[in-house]
Amino acid sequence: MVVTNESELEGLRHIGQICARTIQVMAEAMQPGMTTRDLDAIGREYLDRHGAVSAPEFCYEFPGATCISVNEEVAHGVPGDRVIAAGDLVNIDVSALKDGFYGDTGASFGVGDAMPPRTARLLRDGKRAMWLGINQVKTGNRLAAIGDAIGKFARKNRYTLIRNLASHGVGRSLHEEPSEIATWPDKHEKRIMKEGQVFTVEPFLSLGAVFADDGETDTWTLYGEPSVLTVQFEHTVVVTRNGPVVLTLPD
C-alpha cells in the first residue's frame, strides 16, 4: 500500500494503535500458570471490544486470534493448552483488520522477574535491532539498508538472524508489496523505498538459529534451526521524506 491522503494514514494509525494496545494488555495480564489459550482470549476480547477482526483468522483461518510463541517456538504459535511458566520467553504477534485497513505488530517478553541474563540481553537487543532497521526507513533509501543495519548489529553482538521470515508490505491486505523485505544483509536487494509505502520491520534475532522450520505438533508453529531462543519485535511503518512514521504504537 502507498498512503496518498490523511484519511488513509489515520485509518492505518487507528488499527495500528489497536494492535499495539492489544499486545500491551496481553503482556500486562500474562503470568505464570495461565495457558496460551487464556492469553489469546484476552487479546480476542480487546480486539472485539474495539471493532477489530483478527487478521490471521480472517485471512488464513488460523486457530486463534493472536500468534503466541513460547521458548523454542519462533513464530505462528497456536494458542492452546501450553502453560506459561516463570522464566519463559513469550512472543505475541497481533495483526488485525478494521475499516479496510490492516495493522501488524509483535513483541517478545520474559515471564517473571528472574530472567536469565542471556535471555534478558537477547530481549533488549532484539528491540534495539528492530529500531536500527526502522531508522533506515526514508524516501529514496535502499530497502537493503534495513537488513544491512540489523545484520551489522547482529554480527557485532554475536547473534544470528532467521533468514526465511521476512518483513512485508501491509495496509489494504495483511501481506502485499513490497514483499520479502530482508532483515538480514541481502546483496540482491535493489529496490528503493518510495514515499508513502507501508511495510513492517520485524527482525528475528537469535542465539544461533538461521532458519525457521515446521514442527510436528501442528501445521502452523515454526521452530528455530537449531533449537535456540529467538526474539521478534515488529512495527508497521510508513515511508516519508522525513523518515519513518511508526503506526503501531499504543499511544
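Q: Which elements each supply at least two residues of the lining of the second largest pocket?
A: Those are α1 (6-29), β5 (101-110) and α4 (117-134). Helices (H or I, at least four residues) and strands (E, at least two) are DSSP runs, numbered from the N terminus. Bear in mind that this is a predicted model, where local features need pLDDT of at least 70 and side-chain atom pairs count only at pLDDT 80 or more, while totals for chains, interfaces and linings use all residues. Residues are numbered from 1 along each chain as its sequence is written, and side-chain values use heavy atoms, with hydrogens and water left out.

Q: Which of them gives the most?
A: β5 does, with five residues.

Q: And what volume does that pocket have?
A: About 280 Å³, a volume being the space filled by probe spheres set on grid points that are joined across faces, edges and corners. Its lining has 17 residues, and I23, G106, A107, H235 and P250 are the closest to the centre. A pocket here is an open set of points on a 1 Å grid over the protein atoms alone, where a 1.4 Å probe fits, with protein on both sides within 12 Å along at least five of seven lines; lining residues have an atom within 4 Å of a point.

Q: OK, what about the largest pocket: what is its volume?
A: The largest pocket comes to about 570 Å³. Of its 29 lining residues, H76, L165, H168, H175 and E202 lie closest to the centre. Two or more residues each come from α3 (55-60), β2 (67-70), β4 (89-98), β7 (167-169) and β8 (176-181).

Q: How does that lining divide by residue type?
A: Into eleven nonpolar, eleven polar and seven charged. Nonpolar covers Ala, Val, Leu, Ile, Met, Phe, Trp, Tyr, Cys and Pro, charged covers Asp, Glu, Lys and Arg, and the others, Gly among them, are polar.

Q: Switching to sheets: what is the order of the one with β12?
A: β3-β12-β11, an open sheet of three strands with antiparallel pairing; two strands pair if DSSP finds at least two bridges between them. β3 (73-75) and β11 (211-214) are at the edges with a single partner strand each, so one side of each has no neighbour in the sheet.

Q: How many bridges join β11 to β12?
A: Four, with β12 covering residues 222-225. In this pairing F211 stands opposite E225.

Q: And which strands make up the sheet with β10?
A: That open sheet runs β6-β10-β13, again with antiparallel pairing. Its edge strands are β6 (160-161) and β13 (230-232). The bridge partner of T160 is S206 in β10.
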